[in-house]
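Welcome! Here is a short briefing to read alongside the sequence and the 3D view.

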Amino acid sequence: MNLTQRAIDAKPLAHDRVYRHLRTRIMHGDLPPGHALTLRGIGREYEVSMTPARESVRRLVAEGALSMSVSGRISTPALSNERIEELAALRALIEVELASRAMPRAHMALIERLQAINAKVSEAVAHRDAVSYIRTNLEFHRTLYLRAQAPAMLAMAETVWLQMGPTMRALYGRLRQKEPPQFHRLIIAALRAGDEPGLRLAVRSDVTQGLRMLAG
């Protein structure tokens, strides 16, 4: 491979690296709502040119993970109460269905895995670590939903998580949690008992209760 070909191949790799890292940071609440970003700053942080920085931002704006004003100002979304309610309703619709589809495949190893992840959620709460809390909380849900074998539906759920990452960070700060989410224990108990109505109720409560408190 010659140097010209390497340069051509490096551009999409650089863009994808920036996109994926920024996407993860936003989804996990590493950036608060309304946090301003610049292409120059992104390029400097990730040691890339303006082109990969611009392309990664374009993709994140398209996914609703970033906002761009008419003047070109880039920031993480600061959601209105109406938008929070809308996304909470979406979570309830999509994630309850994913959990229901996952239940027939919820073997004991999965339940034990969820218990282990919930222990990490507890550790994050004890250490007042918002980003670790959001990351492990989403890991709990994703681990369950992967058993649904519904990749398009899971992708939709992850897009909602992405749009809500900064807001979840704000919610965590407001709730001042001292214990892991109570509904995680109810989700695990429902899976163990094969109780689908109980599972649907526990998931719906878990994904909407805190968000509606924030919107209120």
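This is a predicted model: local features need pLDDT of at least 70, side-chain atom pairs count only at pLDDT 80 or more; totals for chains, interfaces and linings use all residues.

A residue is called buried when its relative accessible area is under 20%, exposed when it is over 50%, and partly exposed in between (1.4 Å probe, protein chains only). Residues are numbered from 1 along each chain as its sequence is written, and side-chain values use heavy atoms, with hydrogens and water left out.

**Confidence**
- The chain has a mean pLDDT (the predictor's confidence in each residue, from 0 to 100) of 89, and 89% of its residues reach 70 or more.
- Residues 1–9 have a pLDDT below 50, and beyond near neighbours in sequence this stretch has two contacts (heavy atoms within 4.5 Å) in the model.

**Overall layout**
- Nine helices and three strands make up the secondary structure of the chain; helices (H or I, at least four residues) and strands (E, at least two) are DSSP runs, numbered from the N terminus.
- Along the sequence they follow the pattern α-β-α-α-β-β-α-α-α-α-α-α.
- Of the contacts between residues at least 6 apart in sequence, 77% join residues at least 24 apart.

**The sheet**
- Three strands form an open sheet in the order E1-E3-E2, with antiparallel pairing; two strands pair if DSSP finds at least two bridges between them.
- Strand E1 (36–37) and strand E2 (67–68) are the edge strands, each pairing on one side only.
- E2 and strand E3 (residues 74–75) run antiparallel and are joined by two bridges; Ser67 has Ser75 in E3 as its bridge partner.

**Leu66**
- Leu66 sits in the loop between helix H3 (50–62) and E2.
- Leu66 counts as buried because its relative accessible area is 2%.
- Leaving aside neighbours within four places in sequence, the contacts of Leu66 include Ile26, Leu37, Val57 and Ile74.

**Helices H5 and H6**
- Helix H5 (residues 108–126) packs against helix H6 (residues 130–145) at an angle of about 170 degrees, their axes 8 Å apart. H5 is therefore roughly antiparallel to H6, a label for angles over 145 degrees.
- Among the residues making this contact are Leu114 and Val121 of H5, and Tyr133 and Phe140 of H6.

Terms used: Axes are lines fitted to C-alpha atoms, for helices over the stretch in contact, and angles run from 0 to 180 degrees between N-to-C directions. Angles under 35 degrees count as roughly parallel, over 145 as roughly antiparallel, 65 to 115 as roughly perpendicular and the rest as oblique.
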